[in-house]
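My entries follow the structure below.

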Amino acid sequence: INAEYMGYIVRQMNQLLLLIVVCLGSLPFCAPSCVIGGSQTGFPPKKLGKPIPPFFIKDNIACPYYANSYGCCSEIQIRQLEQNFQDIDMIFGSDCPICAVNQKIFWCEFTCSPQQNEFVRPENYAKIKRGDKSFDVLNITFRMSANTTCHIFRSCDKVPETQMMASSGQGFLQFQATTGAERGRVAIDFQFSDDPGDGLRALKFDAYSCNLPIHDNKLRNFTNVSTCACAYCEQSCNISAEAYQKPSYFAGFNAVLVAVVYLLLTIFTLGMYFVSIWWKKKHSQQEPAQEKLADSRAEQY
């Protein structure tokens, strides 16, 4: 075995050792797993079972950026997300498409993320009664970044329907989770925090600003997306105000051109002044000579 090959083996062993140390230092977050459903269990599962590894998702119409990748959403969950996203598009899509995309990303991450076990913990089953209906739901604890929640809400807060649902980001997500419990059969207990705690890490992602310029009608592989109008996005109003502010008094003022014009005007004025002086002086000299000539002619007659 030559020295170069031994060096390669040593480097690989060092990387493996580093990976083990990182995993041991971050338990229970080292191994990604699915904890609220999956291709083997459907959704919701009939009983609490062991987490399963993320599985390959070939087609994911609801969450296109998770297509052809590993995740945690089953075919049943994807169909449910499709139905939910149709409602989101109907309510928010025409007024502020970026707001709709941020909500879709939130529910896609909650349902499909291969690191689902990091921020979601199933607790137990319970029966919920609403009116004459009663149904079983899976109670879960969901640790969600307060900062991300704020950015999601800010991208939507000027849409009238948002103001009817809640006055804060936490209330906004809680409203959706509560109204969707019957369809999804999941009751979510949110923990809004950016710090890890209670055995969970917060779900974080970069929510898009509602004034983000969109050039190809796509955002995160979601289609029919455009920048939100000023009426539904305060940031767009600010950009419009800066771009189309009233011109100042000196807008378009060309100092060099004005200076040249004034210089030429001054030269022309001075020239006319000196010409007029010369003309007057010349005529003043000619008048006495003409008078003498006239007198001499008179004497001759």
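I looked up the bridge partner of Val-120 first, and in E4 it is Phe-142. Helices (H or I, at least four residues) and strands (E, at least two) are taken here as DSSP runs numbered from the N terminus. The model is predicted, so I note that local features need pLDDT of at least 70 and side-chain atom pairs pLDDT 80 or more, while totals for chains, interfaces and linings use all residues. Residues are numbered from 1 along each chain as its sequence is written, and side-chain values use heavy atoms, with hydrogens and water left out.

Sheet. I find that E3 pairs with strand E4 (residues 133-144) in the antiparallel sense over 10 bridges; pairing requires at least two bridges found by DSSP. The open sheet has three strands in the order E3-E4-E5, with mixed pairing. Strand E3 (120-130) and strand E5 (186-192) are its edges, each pairing on one side only.

Helix over the sheet. I note that helix H5 (residues 146-154) lies across E4 and E5 and runs at about 115° to E4. Contact means heavy atoms within 4.5 Å; axes are lines fitted to C-alpha atoms, for helices over the stretch in contact, with angles from 0 to 180 degrees between N-to-C directions.

Helix pair. I recorded that helix H2 (residues 75-93) packs against helix H3 (residues 97-112) at about 160°, their axes 9 Å apart. H2 is therefore roughly antiparallel to H3 (the term covers angles over 145 degrees). Among the residues that meet, I list Leu-81 and Phe-85 in H2, and Trp-107 and Cys-108 in H3.

Key
Parallel < 35°, antiparallel > 145°, perpendicular 65-115°, else oblique.
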